Amino acid sequence: MARSHDPPNYMGVFYSLAVLTGLEIGVTFLPIPTLLSRILLVGLAATKAALVALYFMHLKFERRTLTWIALTPGLICTFLVLMLLPDSVAITRRPGSFAAAQETLPPVELITGPGVDVVKRNCTRCHPVNIIAQTRKDRAGWLESIRWLQQEKGLRRFDQKTEETILDYLSTYYAPESSQ
Ligand code: HEC
């Protein structure tokens, strides 16, 4: 590497930055998974940032400890971004999903009445109450829903009293419009 009195090769660094930028553009056209291309892009960007810091900000010619003090946050930042990338991909991959739709719904309160606490306690672990509040069914319909949830969606079985309370509440306050 250059002795400390040689002028740094600014043009060389400039060309390296240009090549890295070209590579970044190339990466976006590669037929590879989004995650992989993002990781490559972050890696390339980090390399560029390091070059700029080392040469144009003269860190390369400062004391070694100073270099590490300046680069450590960058390394940690890159690490964190890479850690979080899989999550962000996972979330954006399912835009029309049930969970995504629920998240965009405004908060809703269930109608107050006997049994509302039992319903809240037993029915809000997996989804907000919106899905209940926007549904209208008679008692048989609600029972069918609950059986379906128990068979297909992992809803636990209730003892008789709890189930009656839930069905009474739902068939009273969330009955089909015509019977209200
Ligand atoms: C173990 C998690 C879980 C619990 C607890 C739960 N649900 Fe659900 N519920 C789901 C899932 C999963 C869906 C299905 C969403 C889909 O596939 O679209 C669903 C869908 C629904 C639907 C829409 C489908 C339909 O049958 O009309 C209603 C209404 C509903 N739940 C009511 C309730 C009620 C009432 C309770 C309490 C007795 C309850 N849920 C408790 C997981 C749960």
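Helices here are DSSP runs of H or I with at least four residues, strands are runs of E with at least two, and both are numbered from the N terminus.

**Setting up.** I am working on a predicted model, where local features need pLDDT of at least 70, side-chain atom pairs count only at pLDDT 80 or more, and totals for chains, interfaces and linings use all residues. Residues are numbered from 1 along each chain as its sequence is written.

**Ligand shell.** I started with the ligand. A residue counts as near it if its C-beta atom, placed from the backbone, lies within 6 Å. I found 17 residues around the ligand, with Cys 123, Cys 126, Thr 135, Ser 145 and Lys 153 the closest. Three helices each give at least two residues to this shell: α5 (116-123), α6 (130-133) and α7 (139-152). The largest share, 4 residues, is from α7.

I then sorted the shell by type, with Ala, Val, Leu, Ile, Met, Phe, Trp, Tyr, Cys and Pro as nonpolar, Asp, Glu, Lys and Arg as charged, and the others, Gly among them, as polar. That gave me 10 nonpolar, 5 polar and 2 charged.

**Overall.** I looked up the secondary structure and got 8 helices and 0 strands. Next I checked burial: buried takes 20 or more other C-beta atoms within 10 Å of a residue's own, exposed takes 12 or fewer, partly exposed is in between, and C-beta atoms are placed from the backbone. Of the 180 residues, 5% come out buried.

**Core.** For a nonpolar core I took buried Ala, Val, Leu, Ile, Met, Phe, Trp, Tyr and Cys residues joined through C-beta atoms within 7 Å. The largest one has 9 residues: Leu 110, Val 119, Cys 123, Ile 132, Trp 142, Ile 166, Tyr 169, Leu 170 and Tyr 174. Both α5 and α8 (160-173) put at least two residues into this core, and the largest share, 3 residues, is α8's.

I listed the contacts of Leu 110 (C-beta atoms, placed from the backbone, within 7 Å). Leaving out residues up to four places away in sequence, Leu 110 touches Val 116, Val 119, Lys 120, Val 129, Ile 132 and Ala 133.

**α8.** Which residues of α8 are buried? They are Ile 166, Tyr 169 and Leu 170. Looking down the axis of α8, I see its buried residues within an arc of 90° (taken from the directions from the helix axis to the C-beta atoms), so they line one face of the helix. These buried residues pack against α5 and α7. On the face turned away from the buried side, I noted exposed Gln 160 and Lys 161.

Note on methods:
Two residues are in contact if their C-beta atoms, placed from the backbone, lie within 7 Å.
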